[in-house]
Amino acid sequence: METPHVERSDVEWDYIVVGAGSAGCALTHELVTDARKPRVLVLEAGGTDRSPYIRLQAGAFQACLNHDWGYRAQPDPTRHGLIERWWRGRVLGGCSSINSTIYVRGAARDFDRWGESFRGAHEHGWSAQQAMTILREIETSDQPGAARGSASGSNPRWQGRSEPKSSTSAI
Ligand SMILES: Cc1cc2nc3c(=O)[nH]c(=O)nc-3n(C[C@H](O)[C@H](O)[C@H](O)COP(=O)(O)OP(=O)(O)OC[C@H]3O[C@@H](n4cnc5c(N)ncnc54)[C@H](O)[C@@H]3O)c2cc1C
């Protein structure tokens with residue numbers, strides 16, 4: 001990929017976000033919607049995500065081929081030296097632009113571990129139970145029988161609502 005020519009700039013930034021992937025974009029959104037209007041610079045190594053391969057489910061594999069960092073694992077002696085390809089998105093949206101748009105929650109045990117680590121340090125807790133409240137707010141599904149919940153069916157424990165994020169299991 002060609003390195004773009006960058007003019008020297010005297011602009012000062014309050015925040016510089018390196019990588020406009022899943023986390024970088026979410027963080028940037030939080031920063032730019034802050035009432036204090038901080039100046040935010042986002043640096044992304046990859047290019048635009050305006051590609052039909054990214055927009056259309058059927059193009060997911062081509063999106064991987066076009067926007068991958070090209071990492072390879074070490075040969076695996078337990079599998080006749082197999083070298084796995086470790087896909088990582090190099091494009092606006094990062095891996096979420098090439099991950100076939102399937103939404104999977106994090107493991108409850110991880111949330112609980114973070115909850116232990118950050119106990120008292122944040123206004124909002126990180127335990128699985130606390131995270132569930134937030135996940136339910138941002139999730140919905142168009143799967144028949146999911147009753148505005150996640151792919152876990154109509155169990156009210158898992159139900160989300162319709163805005164702002166739409167997740168679907170209809171693929
Ligand atoms: C093929 C594939 C399928 C997947 N399927 C699923 C799935 O079905 N469900 C699911 O939940 N998850 C899935 N994942 C995982 C999920 O997409 C990732 O865990 C998540 O997107 C990672 O987010 P992130 O912000 O940590 O990193 P990324 O989204 O990878 O963001 C990192 C960004 O930083 C940029 N960057 C890196 N270095 C630099 C640098 N030096 N300067 C500037 N920019 C830089 C990268 O180009 C990238 O855009 C999949 C991932 C892949 C690759």
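In the predicted model, the axes of helix α4 (residues 108–117) and helix α5 (residues 128–138) come within 8 Å and cross at roughly 115°. Axes are lines fitted to C-alpha atoms, for helices over the stretch in contact, with angles running from 0 to 180 degrees between N-to-C directions. Helix α4 is therefore roughly perpendicular to α5 (a class covering 65 to 115 degrees). A108, F111, D112 and G115 of α4 meet A128, Q130 and A131 of α5, contact requiring C-beta atoms, placed from the backbone, within 7 Å. This contact comprises four nonpolar, two polar and one charged residues. Ala, Val, Leu, Ile, Met, Phe, Trp, Tyr, Cys and Pro count as nonpolar, Asp, Glu, Lys and Arg as charged, and the others, Gly among them, as polar. Residues are numbered from 1 along each chain as its sequence is written. Local features need pLDDT of at least 70 and side-chain atom pairs count only at pLDDT 80 or more, whereas totals for chains, interfaces and linings use all residues.

The ligand is surrounded by 25 residues, of which G19, G21, G94, N99 and I102 are the closest (C-beta atom, placed from the backbone, within 6 Å). Twelve residues of this shell are nonpolar, ten polar and three charged. Helix α1 (residues 22–32) supplies its largest share, three residues.

Helix α1 also belongs to a right-handed β-α-β unit with β1 and β2; with the strands pointing away from the viewer, the path from the first strand over the helix to the second runs clockwise. Strands β1 (residues 15–18) and β2 (residues 40–43) pair in the parallel sense over four bridges (pairing requires at least two DSSP bridges), and Y15 stands opposite V40 in β2. Helices (H or I, at least four residues) and strands (E, at least two) are DSSP runs numbered from the N terminus.

Methods: Parallel < 35°, antiparallel > 145°, perpendicular 65-115°, else oblique. Contact = placed C-beta atoms within 7 Å.
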